[in-house]
Amino acid sequence: MDKQTDVVIIGGGQAGLSVSYSLTQQGRPHLIVEKSSSLFPAWRSRWDSFTLVTPNWFVQLPGKPYEGSDPDGFLSKREIVDYFENFVASFKPEVRFETQVTSIEKNKGGDGFLIRAGDNTILADNVVVATGTFQTPRVPSFATALSRDLFQIHTNDYRNPESLPSGNALVVGSSQSGGQIAEELYQSGRKVYLSVGRAPGVPRRYRGKDMVFWMHELGLFDQSLDKLKSSRDRFAPNPRISGKGGGRTLSLHRFAREGVVLLGHLEGVRDKTAFFAPDLKENLAKEEQFATEMKEAVDKLILEKHLDAAQEDGQPEMRDGYDATVINNLDLDKAGVQTVVWATGYSFDFSWIKFPIFDDDHYPMQERGVSSIPGLYFVGLHWMHTRKSGLLYGVGQDATHVAAHLAKFRGARPA
């Protein structure tokens, strides 16, 4: 059994590192445990052409805000990794790699928490869970019914078109990752079939400004969970946009115009046949309504605050997706599909935390990272405090808050 440790941070991504930075500024002893063999593994594992979908000014980790020459640009994967490496080098945290935590429980033999990681145990006065919400790639259970002749891959493991078998591709899911990868695949020369879900889309720019700028001005990133109609709305997909090539709109209508076959959401598969709901045009209409409401909100803000903003050019928007033939059953063999890309998001599992702190969605209950169990904290959860809590723009603020709370309660113990 390891010796007692003051603070253990579980997870070496942006959330855990932000807490570590703040504790280092306090001179507070702590240890990061990371299941991977490297820090910030989620950023390292993105596909080759990945860029941020938010502008560079959005990068605001504690003590390391973006200070480059292109605040309105979009960092590439390599630039993001370099940014994190420089961030880590500025405070050099103590890390134990390849340590998969399997449980956190009360230390029945004494004070503090007992953290189990396989055959190893760690005792800690305080624990900060910084594993985030997007933990495990999610693939529908019916995927096992697909023919073994088909190559299946989740966006988590996708790297580039050349790494896939030759032939056409079915991309399931039209959120940020699905939209970007579908675009990359069809631009590489493949025929792409895209199963469209409920992910909203917005124009990259509107009235002369990036849409993320307008979302910031509208206060959407400071929106708190209690402003949502339902707590489950926090798991809704983010608007689909791209930072590639200086940033652009990922229009499904443009996809259709350029040869992508749009489909409704995938309901099931059998061998080499995929079955789709007849909801394509309904999903397109909902997306259009979302984009319209966003633009109307921006227009209203500009009028109310007398902001200097460009006028729209009045060009008609594309509507090619509405002309698509509704396809309910697709013979993947006849369509030449050799690859299925699952852009179906991620699941979370906090069952390894052995304390009664979960809501009906099995999500940790806390107040800006402070749980009802003294000494047990969270950072980096999606919508933990506000919309920006799980983002590079807000995770540092929440980490600083948790570190400040820790400073008030040295040696806190679970009740």
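I started with an open sheet of three strands, which has the order β18-β19-β20 and antiparallel pairing. Its edge strands are β18 (266–270) and β20 (329–331), and each pairs on one side only. From one strand to the next, the twist averages 20 degrees.

I noted where this comes from: it is a predicted model, where local features need pLDDT of at least 70, side-chain atom pairs count only at pLDDT 80 or more, and totals for chains, interfaces and linings use all residues. Residues are numbered from 1 along each chain as its sequence is written, and side-chain values use heavy atoms, with hydrogens and water left out.

I also wrote down my terms. Helices (H or I, at least four residues) and strands (E, at least two) are DSSP runs, numbered from the N terminus. Two strands pair if DSSP finds at least two bridges between them.

Next I zoomed in on one pair. β18 and β19 (residues 273–276) pair in the antiparallel sense over four bridges. Val269 stands opposite Ala274 in β19.

**The five-strand sheet**

I then looked up an open sheet of five strands, with parallel pairing and the order β10-β21-β11-β12-β17. β10 (151–154) and β17 (261–263) are at the edges with a single partner strand each, so one side of each has no neighbour in the sheet. Here the twist averages 20 degrees from one strand to the next.

Which strand do four bridges join to β11 (residues 168–172)? I found β12 (residues 192–195), running parallel to β11. Leu170 stands opposite Tyr193 in β12.

**The second largest pocket**

I read off about 670 Å³ of space in the second largest pocket. Of the 26 residues that line this pocket, the closest to its centre are Pro203, Thr249, Lys295, Glu317 and Met318. (A pocket is an open set of points on a 1 Å grid where a 1.4 Å probe fits, with protein on both sides within 12 Å along at least five of seven lines; lining residues have an atom within 4 Å of a point.) The largest share of the lining, five residues, comes from α7.

**Glu184**

Is Glu184 buried or exposed? Glu184, in helix α4 (residues 176–187), counts as buried at 11% relative accessibility (buried means under 20% relative accessible area, with a 1.4 Å probe and protein chains only). Its side chain makes a polar contact with the side chain of Ser49 at 2.4 Å (a pair of N or O atoms within 3.5 Å, one able to donate a hydrogen and the other to accept it).

Key
Axes fitted to C-alpha atoms, helices over the stretch in contact; angles between N-to-C directions. Points joined across faces, edges and corners; volume = space filled by probe spheres on them. Buried < 20%, exposed > 50% of the residue type's maximum accessible area, 1.4 Å probe, protein only.
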